[in-house]
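Biologist: I am new to this structure and would like to learn how to read the contacts between charged side chains. Could you take me through them slowly?

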Amino acid sequence: MDLLAWLRPRIRLLGGAGLVGLAVGVVGTLAYGLWLGDATFAVNQVFALGALALGFATLGWTGSVFMGRSIETMQSYLSESSEWTEADSRRAMARIAGFGAGVMLGAVVASFV
């Protein structure tokens, strides 16, 4: 398997969410800092929110890996059609992780402005 072909969709997934998070982090930090009048507090708060999103996504991704097959099997026995899959869950958690990391980076970038 070509490594670049394997990496490309994963980088696009994380990078796209990271860019959105970066923009949200910069704009959020600047707006919150202007509103509060305390730039240091705004940077700390926005960075903490980004870290919270990253932590939630890490736990969610781990839960999807550990319990995903069991949940899919349970759904097949119960004849439920929720269309929840382990792969979709991991993909969603990767987006949230990229977004959280981007927000954290955006708060750091905004602290230099």
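Biologist: With the side chain of which residue does the side chain of glutamate 86 make a polar contact?

Modeller: Before I answer, please note that this is a predicted model, in which local features need pLDDT of at least 70 and side-chain atom pairs count only at pLDDT 80 or more, while totals for chains, interfaces and linings use all residues. Residues are numbered from 1 along each chain as its sequence is written, and side-chain values use heavy atoms, with hydrogens and water left out. A polar contact is a pair of N or O atoms within 3.5 Å; within protein, one must be able to donate a hydrogen and the other to accept it, and residues adjacent in sequence count only if both atoms are side-chain atoms. Here the partner is the side chain of arginine 69, at 3.2 Å.

Biologist: How many salt bridges are there?

Modeller: A salt bridge is a side-chain nitrogen of Lys or Arg within 4 Å of a carboxyl oxygen of Asp or Glu, and by this rule the count comes to three. One of them joins arginine 69 to glutamate 86, with the closest N and O atoms 3.2 Å apart. Arginine 69 lies in helix α2 (residues 39–78) and glutamate 86 in helix α3 (residues 86–111), so this pair ties together parts that are 17 residues apart in sequence. Helices here are DSSP runs (H or I, at least four residues), numbered from the N terminus.

Biologist: Is glutamate 86 buried or exposed?

Modeller: Buried means under 20% relative accessible area, exposed over 50%, and partly exposed in between, using a 1.4 Å probe and protein chains only. Glutamate 86 has a relative accessible area of 7% and is buried, whereas arginine 69, with 59%, is exposed.

Biologist: Which residues does glutamate 86 touch?

Modeller: Contact means heavy atoms within 4.5 Å. Leaving aside residues up to four places away in sequence, glutamate 86 touches Ser64, Val65, Gly68, Arg69 and Glu72.

Biologist: What other salt bridge does glutamate 86 form?

Modeller: Glutamate 86 also pairs with arginine 90, the closest N and O atoms being 3.4 Å apart, and both residues lie in helix α3, four residues apart, which is about one turn of the helix. Arginine 90 counts as partly exposed, at 30% relative accessibility.

Biologist: Which side chain meets that of aspartate 88 in a salt bridge?

Modeller: That is arginine 91, at 2.9 Å from N to O, and these two residues of helix α3 are three residues apart, again about one turn. Through shared partners, salt bridges join Arg69, Glu86 and Arg90 into one network.
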